[in-house]
Amino acid sequence: MNVGILTGGGDCPGLNAVIRGIVRKGEREYGDTLMGFHDGWRGVMAGEFTELSVNFMRGTLPRGGTVLGTSRINPYMYPDGVDRVKNTVERLGIDAIVAIGGEGTLSCSAELFRVGIPVVGVPKTIDNDIGITERTFGFDTAVAIATEAIDRLHTTAESHNRIMVVEVMGRHVGHIATWAGLAGGATITLIPEQPFDIEEVCNALRRRHEDGRYASIVVVAEGAKPKAGTIEIAPDEYDEYGHIRLGGIGNLVTREIEARTGYETRVTILGHVQRGGSPTAFDRVLSTWFGVAAIDAVHDRAFGQMVALQANKVVRVPIADAVADLKYVNDEIWDTAKQFFP
Ligand code: F6P
């Protein structure tokens, strides 16, 4: 078969491992021709690709980023975008496209499947917010990076008697914040799913610091929101793809804590560090597993389906179902995290 592969949306550790998995089984077992489209759906519209081989993918398993490049461009942004995709598929004789991406890339894949494009999806995002799959690859790496940062911040916080606010990614969901907060022994964690009252946060910190010495870590997901009527936040900004642009909440929380409690407080915004570099062993395995499962799905002509992790097995689910709802932090893990708040 002629199989196209693309990586769309924000990059994520493990993308190369997925591509490598697809290429390995595609070339060796199925005898496929594998075409790696450049920069997500942009490359499909433009018909720009690199032919992939086992040889080409050598050495990429531990490498972050994506050898194909990525973008948030999708065909629905252009009046003739879908026709351009159809044209590439016909002209190159493509039998299937494996789309590796997050919510945006997969939603677009579900639409394209409806108009006849043979797509198989692979869920990617450090945010771990894609429904139906228990995990997306990249999440474990992001949590490991955030946890290491928190560990480091503990010692400097203790030396200076300071509060350290750490802002992590997660614009709609708080999976990274919750897991890294738990793993790093955070004092308090603030997530988008649970609007916070800054005065309650300050009271909790005051309780913890009653004995005079203090060193606290406050983990804040970038999409965390104060409860209505508590503190003013700047109006949301959007990027050119309509995605909310965040990144200010850590500064705001830091300023408010220092002003209200008098405790010296500093902020660290981890940002894209969480998306860069080498995937963890878990993410390398999950990515490879997803890649191999995706090429099997192609050969079973399971189009419109996405590979997903469920109960320790990789299964297939309709892409449209997977993107219907975001996966939020569940009550069990949140209750566990809350046990450790002061
Ligand atoms: O989708 C993953 C994500 O890392 C979000 O948590 C974050 O808000 C966003 O990407 C940042 O995207 P960009 O690279 O476009 O700034």
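Me: Contact means heavy atoms within 4.5 Å. With that in mind, what covers the buried residues of H6?
Reply: The model is a predicted one. Helix H6 spans residues 175-184, and seven of its ten residues are buried, so the rest of the structure largely encloses this helix. The cover over those buried residues includes H5, strand S6 (163-168), strand S7 (188-190), strand S8 (216-221) and helix H11 (331-338).

Me: Which residues in H6 are buried?
Reply: To count as buried, a residue must have under 20% relative accessible area. Seven of the ten residues of H6 are buried. They are His175, Ile176, Ala177, Thr178, Ala180, Gly181 and Gly184.

Me: Which residue follows H6, and what is its phi?
Reply: Helix H6 comprises residues 175-184. The residue that follows H6 has a positive phi, and it is Gly185, near 65 degrees.

Me: Are H7 and H8 parallel or oblique to each other?
Reply: Helix H7 (residues 198-208) packs on helix H8 (residues 249-261) with the axes 10 Å apart and an angle of about 60 degrees. Angles of 65 to 115 degrees would count as roughly perpendicular and those under 35 as roughly parallel. H7 and H8 are therefore oblique.

Me: How many residues of each class are in the contact of H7 with H8?
Reply: H7 passes H8 in a right-handed crossing. On the H7 side the contact is made by Ile198, Glu199, Val201, Cys202, Leu205 and Arg206, and on the H8 side by Val253, Glu256, Ile257, Arg260 and Thr261. By class, the contact has six nonpolar, one polar and four charged residues.

Me: Which strands stand at the edges, each with a single partner strand?
Reply: The open sheet has seven strands with mixed pairing, in the order S3-S2-S1-S4-S5-S12-S13. A strand at an edge has a single partner, so one of its sides is left without a neighbour in the sheet; here that holds for strand S3 (49-52) and S13.

Me: In which sense do strand S5 and strand S12 pair?
Reply: Within this pair, Gly121 stands opposite Met306 in S12. Two bridges join strand S5 (residues 119-123) and strand S12 (residues 305-310), and the sense is parallel.

Me: How many bridges join S12 to strand S13?
Reply: S12 and strand S13 (residues 313-318) run antiparallel. Ala308 stands opposite Val315 in S13, and Gln310 stands opposite Lys313. The number of bridges between S12 and S13 is six.

Me: Which residue in the hairpin of S12 and S13 takes a positive phi?
Reply: Most residues other than glycine have a negative phi. The hairpin of S12 and S13 has two residues between the strands, and the one with a phi near 45 degrees is Ala311.

Me: At what angle does helix H4 run to S4?
Reply: Helix H4 (residues 103-114) lies across several strands: strand S1 (2-7), strand S4 (96-101), S5 and S12. Relative to S4, the helix runs at about 155 degrees.

Me: Is Ile132 buried, partly exposed or exposed?
Reply: Ile132 is in the loop between S5 and helix H5 (139-160), and its phi is positive, near 70 degrees. Its relative accessible area is 35%. Buried needs under 20% and exposed over 50%, so Ile132 is partly exposed.

Me: What is the relative accessible area of Arg301?
Reply: Arg301 is in the loop between helix H9 (281-299) and S12. Although not a glycine, Arg301 has a positive phi of about 55 degrees. Arg301 is exposed, with a relative accessible area of 56%.

Conventions. Residues numbered from 1 in each chain as written. Predicted model: local features only at pLDDT ≥ 70, side-chain atom pairs only at ≥ 80, totals over all residues. Heavy atoms only, no water. Axes fitted to C-alpha atoms, helices over the stretch in contact; angles between N-to-C directions. Helix = DSSP H or I, 4+ residues; strand = E, 2+ residues; numbered from the N terminus. Parallel < 35°, antiparallel > 145°, perpendicular 65-115°, else oblique. Left-handed = near helix turned anticlockwise from the far one by under 90°. Nonpolar A, V, L, I, M, F, W, Y, C, P; charged D, E, K, R; others polar. Pairing = 2+ DSSP bridges. Buried < 20%, exposed > 50% of the residue type's maximum accessible area, 1.4 Å probe, protein only.
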